[in-house]
Amino acid sequence: MSFYASSSSQRTPNLNTHPSPDPDSSPASSPGAITPTTTHTESAAASSYLSNFLWGGFFRRFTSEPSPPSTGNSPPPPLRRAHTYQPDGEGHDDDMNLSSKSMDGVYTPPHFHHRVPSPMGVPQLEPLQLLGFSARTRIESRLLTPAIAEEVRNLVPTRLSIVDEWNLVYSLDQDGASLATLYDKCERYRGKRVGFVLAVRDTEGGLFGAYLSDVPHIAPNYFGTGECFLWRASVQAPLPPPPSLIDSEETPDVARSTTIKAEANGSLNQANVQSIRFKAFPYSGVNEYYMLCGQQFFSVGAGDGRFGLWLDSGLEKGVSSTCQTFGNEPLSDEGEKFGVLGVELWVIGA
């Protein structure tokens, strides 16, 4: 019996580790009944783990980022109202009355009333120069004057309006009356982005012409672009001097009165001042009969058997009627048919 008890105590030393009240007692009094217990060290370790777990939970609870809002049916928090500026340049962002304010759809920059226009305006164009007249060409034989050329310049494409030098390609007075000569002098400009201004004077002194977007050349079909247009110009004769400036002994001075102040020398420079009446007829969009050139004629604009401007091969006779391409009026005061007194062709951008 003692051997069995001794054997049992030797097999289970780790399971019954709790010290008994009596050191001389043995587990033989309860054979086969083994009750596991914990030591003081394990109990302290468990208590320390529980304490660390609780304090760590509280620490994470109060130091971690707030949890995201719930995704239930609760509405999202309202957004902060954007800051806007009033015309007086002062912003208003009263958080107490956000609900009573409406959102402005147009942003008004602050201090806009302090803005001033830029001093850099559109640069002025340089005065136009007409180059190519021969020294033997008289002033009265020159058709295109700087004043009329400036009027035409305002209507040509922008890429050419900045050009301040126009060169004479053909002049009836300098090169002779021949349409073939006009074509030959234009050949050097084929393939270049240039423009041409045609000026014609009839036998009554009327001045008119056309702007040509392409080089005049013989072609079987119409060519050109909608940049073409017809024009006419007339110089108004200056008014005669008022009667009060005319010295006459036959008419008493009391019968002569004027509101024009006389100069010190008693003369007027009205002869140097010309009043120009200029009219242009741009492309109407009805058809595309801009230019048509043949060996026997030169024409600009057409429709319904009529030409806006037509010249014969000898540059002696011409025709001008109302045409659909430009919706123009007859350019010559002589009527639809007129006699040609002078022709000039100028190139722009060469």
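Which strand gives the most to the lining of the second largest pocket? Strand β7 (residues 229-236) does, with four residues. This is a predicted model: local features need pLDDT of at least 70, side-chain atom pairs count only at pLDDT 80 or more, and totals for chains, interfaces and linings use all residues. Residues are numbered from 1 along each chain as its sequence is written, and side-chain values use heavy atoms, with hydrogens and water left out.

**Overall fold**
- The protein chain has six helices and 13 strands. These are DSSP runs numbered from the N terminus: helices are H or I with at least four residues, strands E with at least two.
- Of its 350 residues, 29% count as buried. Buried means under 20% relative accessible area, with a 1.4 Å probe and protein chains only.
- Among contacts between residues at least 6 apart in sequence, 59% join residues at least 24 apart. Contact means heavy atoms within 4.5 Å.

**Nonpolar cores**
- The largest nonpolar core has 37 residues; F196, L212, L230, F298 and L345 touch the most other members. Such a core is a set of buried Ala, Val, Leu, Ile, Met, Phe, Trp, Tyr and Cys residues joined through side-chain atoms within 4.5 Å.
- Elements giving two or more residues to this core include β4 (165-171), α6 (179-186) and β10 (297-303). Strand β13 supplies the largest share, five residues.
- Apart from this core lies another, of 22 residues, among them L128, A149, W166 and L207.
- Beyond its neighbours within four places in sequence, F298 is in contact with residues including Y183, L212, P216, C293 and W310.

**Helix α3**
- In α3 (residues 146-153), the buried residues are I148, A149, V152 and R153.
- Seen down the helix axis, these buried residues fall within an arc of 145°, so they line one face of α3. The arc is that of the directions from the helix axis to the C-beta atoms.

**Cysteines**
- The structure holds zero disulfides. A disulfide is a pair of cysteine sulfur atoms within 2.5 Å.
- For C293, the nearest cysteine sulfur is that of C186, 8.8 Å away.
- C293 counts as buried, at 1% relative accessibility. C228 is also buried, with a relative accessible area of 1%.

**Second largest pocket**
- Its volume is about 240 Å³, taken as the space filled by probe spheres set on grid points joined across faces, edges and corners.
- Of the 15 lining residues, G205, L207, A233, S234 and V235 are the closest to the pocket centre.
- A pocket is an open set of points on a 1 Å grid over the protein atoms alone, where a 1.4 Å probe fits, with protein on both sides within 12 Å along at least five of seven lines; lining residues have an atom within 4 Å of a point.

Conventions. Buried means under 20% relative accessible area, exposed over 50%, partly exposed in between (1.4 Å probe, protein chains only).
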